Amino acid sequence: GELEEEIYMDQPEGFVVPGKEDLVCKLKRSLYGLKQSPRQWYKRFDSFMLAHGFMRSQYDSCVYMKFVNGSPIYLLLYVDDMLIAAKSMKEITTLKAQLSSEFEMKDLGAAKKILGMEIKRDRKSSLLFLSQEKYIEKVLHRFNMHDAKFVSTPIASHFKLSALQCRTSDDDIEYMSRVPYSSAVGSLMYAMVCSRPDLSYAMSLVSRYMANPGKEHWKAVQWIFRYLRGTSKACLKFGRIGEGLVGYVDSDYAADLDKRRSLTGYVFTVGGCAVSWKASLQDVPAQSTTEAEYMAINEACKEAVWLKGLFAEICGDDSCIKLFCDSQSAIYLTKDQMFHERTKHIDIKYHYVRDVVARGKLQVCKISTHDNPADMMTKH
């Protein structure tokens with residue numbers, strides 16, 4: 001990136017010029033470690049892409065699009081890693097040449113791996129698989145769980161985690177000081193965020209006690225490792241888009257044993273494959289199951305509006321999104337503008353979903369609990 005101000009630095013260790021030890025270096029480019037480096041790099045890259053006719057997405061500023069003779073070409077940027085997708089190989093080659101003329105870069109060919117995620121293709125069946133098998137195996141070896149006996153569920157029902165199980169005695173404090181709890185949860189969290197929505201509920205559970213974990217919390221983390229030991233090959237499967245963007249939402253009333261807050265879980269799919277998911281505690285305690293479901297719908301609604309915009313930019317499909325929920329009373333609340341005794345206490349910010357439904361951008365529909373994939377985000 002180009003610097004917009006004068007910045008000086010001490011001469012690096014090992015590169016001090018003899019006789020000029022008291023002098024400093026004036027930077028010509030932004031270096032790693034400077035606070036403005038990421039911003040300056042992005043500004044340089046962004047100006048380059050816009051100068052070559054690309055449009056920046058309004059919903060994700062690291063997604064660029066360009067239409068050449070009606071055919072799209074997409075570029076996705078993550079810091080200094082890029083993915084390019086287009087129907088025409090000629091357009092991809094042209095873009096690579098333009099990028100190479102401006103930046104020092106490596107062309108790794110067809111995408112096989114990015115950010116710890118492995119990309120595999122079955123071109124005959126028009127399928128693409130996204131997995132983190134090697135990353136998971138590396139994590140299992142790092143925490144010495146590669147030979148552990150595997151289990152069939154992400155978390156077992158006998159784990160009733162609470163703050164009461166946090167370390168208090170001297171023995172517990174000494175034991176947990178040798179346990180890499182935060183590092184383990186962080187490593188598992190990356191797998192969950194990238195390609196493993198089945199870990200959402202379990203990770204929501206164990207990540208609540210990062211500040212002061214106890215032995216029982218660590219046992220729960222080890223259980224997750226054992227689950228990954230037997231499911232390291234699990235992956236996301238993408239095919240040709242059949243149905244468009246569809247959402248599923250669920251909640252678990254008063255799931256938190258400490259503050260009695262409810263849990264929100266949602267998953268959005270494109271062509272039947274998960275593209276966005278979340279499981280997290282709600283900000284405030286709900287006073288009924290209906291309120292908990294309604295608050296969960298509101299959270300999913302905000303994600304739906306963002307995904308709808310991004311999906312419309314990429315695919316040109318601006319149709320109404322269907323969001324499936326298993327609570328009929330919460331669905332009625334999204335449509336009914338009238339207040340009554342049981343719901344008038346609900347904060348006004350949660351009624352945002354009503355405006356979105358009224359404008360026809362979102363349709364909240366009923367689904368059986370047994371058919372709701374978001375149910376796994378909120379239950380053992």
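The structure holds eleven aromatic pairs, where rings of Phe, Tyr and Trp (its six-membered ring) pair if their centres lie within 6.5 Å, with planes under 30 degrees apart counted as stacked, over 60 as edge-to-face and the rest as tilted. This is a predicted model, in which local features need pLDDT of at least 70 and side-chain atom pairs count only at pLDDT 80 or more, while totals for chains, interfaces and linings use all residues. Residues are numbered from 1 along each chain as its sequence is written, and side-chain values use heavy atoms, with hydrogens and water left out.

Helices (H or I, at least four residues) and strands (E, at least two) are DSSP runs, numbered from the N terminus.

**Aromatic rings**

- Trp41 and Phe103 have ring centres 5.4 Å apart and planes at 75°, so this pair is edge-to-face.
- Trp41 belongs to helix 1 (residues 37–51) and Phe103 to the loop between helix 2 (89–102) and strand 7 (113–114), so the pair ties together parts that are 62 residues apart in sequence.
- Trp41 and Phe103 are both buried; buried means under 20% relative accessible area, exposed over 50%, and partly exposed in between (1.4 Å probe, protein chains only).
- Tyr248 and Phe324 make a stacked pair, 5.5 Å centre to centre with 20° between the planes.
- Tyr248 in strand 11 (residues 245–252) and Phe324 in strand 14 (residues 321–325) are 76 residues apart, and their pair links distant parts of the chain.
- Tyr248 is buried at a relative accessible area of 15%, and Phe324 counts as buried at 18%.
- One aromatic cluster is formed by Trp41, Phe45, Phe48, Tyr64 and Phe103.

**Charges over rings**

- Lys215 lies over the face of Tyr175, 5.0 Å from the ring centre; the rule asks for NZ of Lys or CZ of Arg within 6 Å of the ring centre and within 35 degrees of the ring normal.
- Arg226 has its charged end over the ring of Trp223, at 5.1 Å from the centre.

- Four strands form an open sheet in the order 3-4-5-6, with antiparallel pairing; two strands pair if DSSP finds at least two bridges between them.
- Strand 3 (55–56) and strand 6 (81–86) stand at the edges with a single partner strand each, so one side of each has no neighbour in the sheet.
- Strand 3 and strand 4 (residues 63–68) pair over two bridges, and Met55 stands opposite Met65 in strand 4.
- Strand 4 and strand 5 pair over six bridges, with Leu76 in strand 5 as the bridge partner of Val63.
- The hairpin of strand 4 and strand 5 has two residues between them, and Asn69 in the turn has a positive phi of about 55°.
- Strand 5 (residues 71–78) and strand 6 also pair over six bridges, and Tyr74 has Ala85 in strand 6 as its bridge partner.

**A buried threonine**

- Thr269 lies in strand 12 (residues 263–270) and is buried, with a relative accessible area of 7%.
- Not counting residues up to four places away in sequence, Thr269 touches Gly244, Leu245, Val246, Tyr248, Ala274 and Val275; contact means heavy atoms within 4.5 Å.

**Helix 8**

- Helix 8 (residues 289–315) has 27 residues and should span 39 Å at 1.5 Å a residue, which agrees with the 37 Å between its end C-alpha atoms; the expected span is 1.5 Å times one less than the number of residues.
- Gly316 follows helix 8 and has a positive phi, near 75°.
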